[in-house]
Amino acid sequence: MTVANLNSDVAVGLSDPSNTRNRKEMLELVNRLRDTGVQTDIDLPMIAVIGNQSAGKSSLIESISGITLPRSAGTCTRCPTECKLSHSNSPWRCVVKLHFHTNSKGIPIPVRPVSFGEPITSKSDVEDRIRCAQRAILNPSQDPRKYLQNDDHSEENELSFSKNYVSLEISGKDLADLSFVDLPGLIASVGGGGNEGDIDLVKSLVTCYIEKPSCVILLTVACETDFENQGAHHLAKSFDPEGKRTVGVLTKPDRIPAGEESRWLKIIRNETEPLVNNWYCVKQPSSQIISKGVTWAEARRQEDEYFTVTQPWSSLESQYQKYLRTSNLTERLSIILSELVAKRLPEIQDELVNTIRETEAKISKLPRAPSNDPVSEVLQTLTMFSRELSRRLEGTPEECDLIQTIRPHQEAFRRAIRSTAPDFVPWEKKKVGMKLSEASFLQEEEGEEEEEEEEEEEEEEEEEEEEEKEEDQENDASDEGKNRKRKPEGNPTLPAKKQKTVHGGDQSIYIDEVLKQAKSARTRELPDSYPFVVQQAYIKEFTKKWRRPVMDLFDRVYATLKADVEQLVERHFARMGKGTAKQLVLIIVNDHLNKAATRTKSKIEWLLSLEEVPTTLNTHYFSDYKDKFLAQYRASRTNSDLLSKLKRAVAPVAPQESDQSAVNKVLSGLNELGLSVKAMELAKLLPPDPMEPALNIMASVRAYFQVAYKRIADVIPMAIDNEIVLGLHKGIDQALQEGLQITGPDGYTRCRSMVEEFSSIASARQEVQKKMERLQAARQELRKLM
């Protein structure tokens, strides 16, 4: 094999740089991406150089980069050193930077790159600059410029090792396009005064690099030590068991004990511990030669001569000669890294887009950052809150709107009021169980609502039956039926839902009781007159029952409104500051709501007091209802069959012809006499009843109920709506401003206190914003390639 002519004009590993444009672009791209710090968020392709302590790593790095690294007894590398080599026709230069991504306690912080001195143009200055840079990294609490100006080695470092790293951006004619990270050597033991924790610390530092799938592991193994004792190899194999991303490098081949060359040749031939990218062997100058100031070009010449004339390397098969010498290793590393970048590029783009989306989602979940004008921020939030409160109180078409939520309570209130109607029975009490048909005129007015009630009752009864069945199944056979719920009493032949038409319960008022009450109330009236106090007593009985459903409606509206307002406060103020604003606004709004509630209760009491004195100017409806009820009661007493015949005669569907004919004859005769009468009004023609005074009282009270119940069913919901629902927004703006005291002399201080956020949230926002900046910068770099 001929000796390569290594001079300063020949690139290491790149015999023809002009043909490597694409490779150069890929490597420069990944370097620019790393400059953005995005490697913290995305796995970027890289080469990590690992090895045991004193395995020849530093010498290998020097042979690849052409620079001299700091050397001292023991471990030389105390922090990762990133080398970015770039072939250039411009004069040689080196830029040194510090990259801080953890604090002194090892806690991650936003990546902070720091330029460390002016660019270096002389290779002889690099060693001292790197030594100073490592000192700055190992003392993160100090100003890095302190170590740039004066590196006092007598001072003890704050840290023995660090995950923060030094980067070297080296460009020149005699360099390959290659990037790699030199990691501290793995420590087997520490000397006197050493820290045992450093062993695990270094191992953890190395692991955090090589565990990433896109990291190419450049494993250095010294031939002077048994292969089985190389801890770095075991660590690399644990993360790359198949050897797909590991490149092995044998160093110090001149120190192989005599007779053991064959075992190392098997490794080079990839027969032992095979790797997909093979093993390489390099020969670096000894420490004695280095101390004499050997040049990089001379070192490469000596390496080439060694492998050319020294056995067993010189006689190694030709197909394995390409795995000897630093130049071949560098060429292969450059190809591997550039191909990995090209392969990973589409994946990096997808990961970048997905990570940006995830980061945007995290930012959106964070509270809004405090404004520089806290007074304007608070006022703006109050305005938005007040505006939405007004909109919800007025009502919106949404299904779950406040008004839609209140309406079922209003409907339930109306049904509860209607259920307090006096249950007058036009028969004597001894006829308990007789059926009184529902008034047809009431069915026409409230038929749909009654059907809904019946459906609700059916559902409730079905639930009760299911519960009873479950109870029966749980009871023993001997106790079957003992714990069942009692069925409603009444006519056993009627379905449960029809029991409301059967009278005889405790709430029924029989006609003989009404007459007895009327007679006992008489004082100086004429025999055919009865005092109004009788009707008044019955009216008072049902009006006093109204208080409970009225207050139930108020309580439900109040609870619904309170919950809705609290949700509104949560939506507008929960993410403001430390929560002080939300608590203050909640207190003020609840106080305002309670004042509105007090006004509403006062209005309700006033309306209920009006109902204590029976009165109405709606004489037309009162008289109409009284006549209808009186006709129904009379028909039920004198001829229980008459009303059913009249109904059959006027039925809209399939009327009874015989009944219809008879009714038509009567109506026709009355019409000839000039009397216009409807079929159902024929019941008025029935003969006088001795219970007529009681019937009049019953019809009068029942008619008044219809007028009064419709009145109260309207005015109570209206009063509640006007006073506490719509009324809540009245004065709310003034109450909030006065309660928060944002317009007074201390307004600015109070507003600043309200918007001030927790330090943890501020830190989280800063971290995620820094991450977004890194991601956006990385995306811009990727766009340049397109």
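F307 and W313 are both buried. The two residues form an edge-to-face aromatic pair, with 6.1 Å from centre to centre and 85° between the planes. These values come from a predicted model.

**Aromatic pairs**

- A pair of aromatic rings is described by the distance of the centres and the angle of the planes.
- The count comes to 14 aromatic pairs, with ring centres required to lie within 6.5 Å.
- One of them joins Y280 and Y323: the ring centres are 5.2 Å apart and the planes stand at 90°, so this pair is edge-to-face.
- Y280 and Y323 link distant parts of the chain, being 43 residues apart.
- Y280 belongs to strand β9 (residues 279-281), while Y323 is in the loop between α10 (318-321) and α11 (326-365).
- Y280 has a relative accessible area of 3% and is buried; Y323, at 10% relative accessibility, also counts as buried.
- F542, W546, F705 and Y709 make up one aromatic cluster.

**Charges over rings**

- R78 places its charged end over the ring of F161, at 4.8 Å from the ring centre.
- K283 has its charged end over the ring of Y306, and here the distance to the ring centre is 5.6 Å.

**The nine-stranded sheet**

- Nine strands form an open sheet with mixed pairing, in the order β4-β3-β5-β2-β6-β1-β7-β8-β9.
- The edges are β4 (108-115) and β9; each has a single partner strand, so one side of each is left without a neighbour in the sheet.
- Direction ignored, neighbouring strands of the sheet are turned by 25° against each other on average.
- The edge strand β9 is also the strand that holds Y280 of the aromatic pair with Y323.
- Strands β2 (residues 81-87) and β6 (residues 178-182) pair in the antiparallel sense over five bridges.
- C83 stands opposite F180, a residue of β6.

**Helices on the sheet**

- Helix α2 (residues 57-65) lies across β1 (46-51), β2, β5 (165-172), β6, β7 (215-222) and β8 (246-251).
- The direction of α2 is at about 160° to β6.
- Helix α5 (residues 197-210) also packs on the sheet, where it touches β1, β5, β6 and β7.
- The direction of α5 makes about 150° with that of β1.

**T81 in strand β2**

- T81 is placed in strand β2, the strand that pairs with β6.
- With a relative accessible area of 5%, T81 is buried.
- Leaving aside neighbours within four places in sequence, T81 is in contact with Q134, V166, L168, F180, V181 and D182.
- Among these contacts is F180, the residue that C83 stands opposite.

**E377 in helix α12**

- E377 is found in helix α12 (residues 374-394).
- Its relative accessible area is 8%, so E377 counts as buried, the cut-off being under 20%.
- Leaving aside neighbours within four places in sequence, E377 is in contact with R368, A369, P370, S371, M576 and V755.
- For S371, the backbone nitrogen lies 2.7 Å from a polar atom of the E377 side chain.
- M576 is 199 residues from E377 in sequence, while the two are 9.7 Å apart in space, C-alpha to C-alpha.

Definitions and conventions. Residues are numbered from 1 along each chain as its sequence is written. This is a predicted model: local features need pLDDT of at least 70, side-chain atom pairs count only at pLDDT 80 or more; totals for chains, interfaces and linings use all residues. Side-chain values use heavy atoms; hydrogens and water are left out. Rings of Phe, Tyr and Trp (its six-membered ring) pair if their centres lie within 6.5 Å; planes under 30 degrees apart count as stacked, over 60 as edge-to-face and the rest as tilted. Helices (H or I, at least four residues) and strands (E, at least two) are DSSP runs, numbered from the N terminus. Buried means under 20% relative accessible area, exposed over 50%, partly exposed in between (1.4 Å probe, protein chains only). A charge sits over a ring if NZ of Lys or CZ of Arg is within 6 Å of the ring centre and within 35 degrees of the ring normal. Two strands pair if DSSP finds at least two bridges between them. Axes are lines fitted to C-alpha atoms, for helices over the stretch in contact, and angles run from 0 to 180 degrees between N-to-C directions. Contact means heavy atoms within 4.5 Å. A polar contact is a pair of N or O atoms within 3.5 Å; within protein, one must be able to donate a hydrogen and the other to accept it, and residues adjacent in sequence count only if both atoms are side-chain atoms.
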